[in-house]
Amino acid sequence: MHRDDVRTATGLGPLVGLFGRLGRDTDASVGMLYVLPPGERVLHLLALSGTSRRIAAPWVRVGVGDRAPVAEAVRERRLVWVNSPTELARRYPRIGLMAPYDILLGAAPLTTGDSVWGAICMVWPVWHPPQLSPGERETIATFCRRAGRLLDQAACRGQPLLPGAEPLTLPAVRTRTPDPAEAVAAFDFAERLPTGCASLDLDGRITFLNSAAADLLGDGIADLLGSRPWERLPWLDDPTFEERHRAAVISRQPTGFIATRPPDRRLAFQLQPAASGISVRIAPAAEAMARGPRAEPARTQGPMGASTLYQLMHLAATLSEAVEVKDVVDQVAVQLVPAFEAQGLALLTAEEGRLHVAAHRGYTDEFMARFEGIPLSAPTPPTQAMATATPRFFTSFGDFQRAYPEAPRYRDRDAWAFLPLIASGRPIGLLALSYDRPRPFPLAERAILTSLAGLIGQALDRAHLYDATRHLARTLQTGLLPQELPQVPGLEVVARYRPAGHGQDTGGDFYDLIHCGSTCAAVTIGDVQGHNVQAATLMGQVRTAVHAHATAHTSPSRVLTRTNRLLADLNRGLFTSCLYAHLDLGRHRARLATAGHPPPLIRHPDGRTEILHMPPGLLLGVAPDGDYPMTQIPLSVGTVLVLYTDGLVEAPGLDIEHSTADLAHCLVAAGDESLDDLADALVDHALRTTPGTDDIALLVARVTG
């Protein structure tokens, strides 16, 4: 059902009417009405009030499993109440970072019986009491019951209310409408004012401005009407104006800022919010200051200047991409200090009941050493912040000393923020910031810092899990690979294994040398699909199967056929490439078969090198009846055979045939080096030409006679 269908669907009118009355009856500044379509796990925004679609864009779709109040209300089928910006930042750090404003928030599900049909999310200004009154709770509960019945009835009729292309935006209810004479008088009044005044709608577009405002902004009234100031005027294109408008709409609190119109005219903007939009007063900054504190531009709530905003968004983005614990620690240490102008930073982690220093900036190693290994039960600022899972802010040394008279002070530090890092409801570490001067830590700054600590905690927890999983997989893989290769008379063999580079899991590359008799041996190499513990486990099974069939003096074709049947029976859903070569040193010949593996390289005794293209066979595990033709080649004394996995030659954007040819040229150029030097040269060549994002296995054999 599309947008036009939604607007005409039976039940929408009564539902939207109920929603509008809910906002008025509870004095909520912003309201969002969500529906949960049958069979879906995503809440869709159906209607909103008190804000614009543009501002609500990050919350148009909310997964039921997301960490958000409205999702939690649906999962737990109860009213969720967030009684402060700090609580919002602590419980829902992503939302707290995106909306670091002085607000309170409530969310409740729309249910009938065991069915959940949607939810509401309502926002109140910070001057609302910290708890909902019994009357407000009853009003919300009544709306949820009635809305749930309407949605249930619509679904039973076969006409469920589904989201449209855009959510419906409810207009503000006017207490009265001016007659034409009043409108003209109001216009004349605004034109007589010596200072600039303008009106913005909830979407930030100018709906009215007087001549004084146009003169101060340096543009025509006709050009400014209908535009957003920060989009129309280049000198207002940093995030400040848009952010202040967004803050005023959501928090319903007056705010302001100062901007410079080129070349050097400083203008003060004061924003006064209401349900219908934002009134803006514009005046020269010096004049605004001269009028006294009441006319002074409102203080920006928190460190949200353009550069700080960029740094915070960049940090949030990099945290979402960080894979290893080291990545998280490095990003926090490098980016957070300049963003909040701190002189010191310490990132501590909790392991086995003790604190450990993960990183620090602005402290000496000797000072931080005293915190290494202290018990979490010790009465220190970091441990007590973690024990209570509550951020602690000390605006001056006096505050800090009163709370912890025995705590060490580093040099002349005069303000501190201790932020517990929470993941899955438990503290896993702490971030500490310190300053050389007293710092008030405004409410918005506290909310931003708390939100960032939540994001850092989640990123650190993910990274710990990744590191542990990768360590397990690599330990498993290393244990399944040959610890040393057997000695085979007449054959010299070396192998190299290099795990994937930064940001990759363990792969399933393997190799082996099998002694099959007094004058025979087999070499094999392969690559299991995937980069995880499952791939490493299957790699061990494949290598064991190949080894067992090889020692039974089975032909290469049959070795791969039988191993393929084993993988088909296991039905693991993973495929494996494999190359197997039986080396008959007595008869000076080699027989080979391949299961979709890169071709081997052969360097003959005279230095001639070739890429041995063989009849291809299916990857192991694709089909139980795969066929693997056999190729036979001469094997004279001095012949060098190179087997490798695709990590040595393959990379996005590279032609694998060209890469393989380059590897063959490298084999020629290596000359008569020792086999160890030859293997190192081939790996070094690959690392120069490929990004190292895949595992590399290499096995080099030379017939010595």
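Modeller: Let's start with ring pairs: rings of Phe, Tyr and Trp (its six-membered ring) pair if their centres lie within 6.5 Å, and planes under 30 degrees apart count as stacked, over 60 as edge-to-face and the rest as tilted. This is a predicted model, in which local features need pLDDT of at least 70 and side-chain atom pairs count only at pLDDT 80 or more, while totals for chains, interfaces and linings use all residues. Residues are numbered from 1 along each chain as its sequence is written, and side-chain values use heavy atoms, leaving out hydrogens and water.

Colleague: Which residues do ring pairs link into a cluster?

Modeller: Phe394, Phe397, Phe400, Tyr404, Trp416 and Phe418. The structure holds 20 aromatic pairs.

Colleague: Is the pair of Phe19 and Phe143 stacked, edge-to-face or tilted?

Modeller: The ring centres of Phe19 and Phe143 are 6.4 Å apart and their planes lie at 45 degrees, so this pair is tilted.

Colleague: Are Phe19 and Phe143 buried or exposed?

Modeller: Buried means under 20% relative accessible area, exposed over 50%, and partly exposed in between (1.4 Å probe, protein chains only). Phe19 has 1% relative accessibility and counts as buried; Phe143, with 4%, is buried too.

Colleague: Which ring face does Arg409 lie over?

Modeller: A charge sits over a ring if NZ of Lys or CZ of Arg is within 6 Å of the ring centre and within 35 degrees of the ring normal. Arg409 lies over the face of Phe397, 3.8 Å from the ring centre. Likewise, Arg413 lies over the face of Tyr363, at 5.1 Å from the ring centre.
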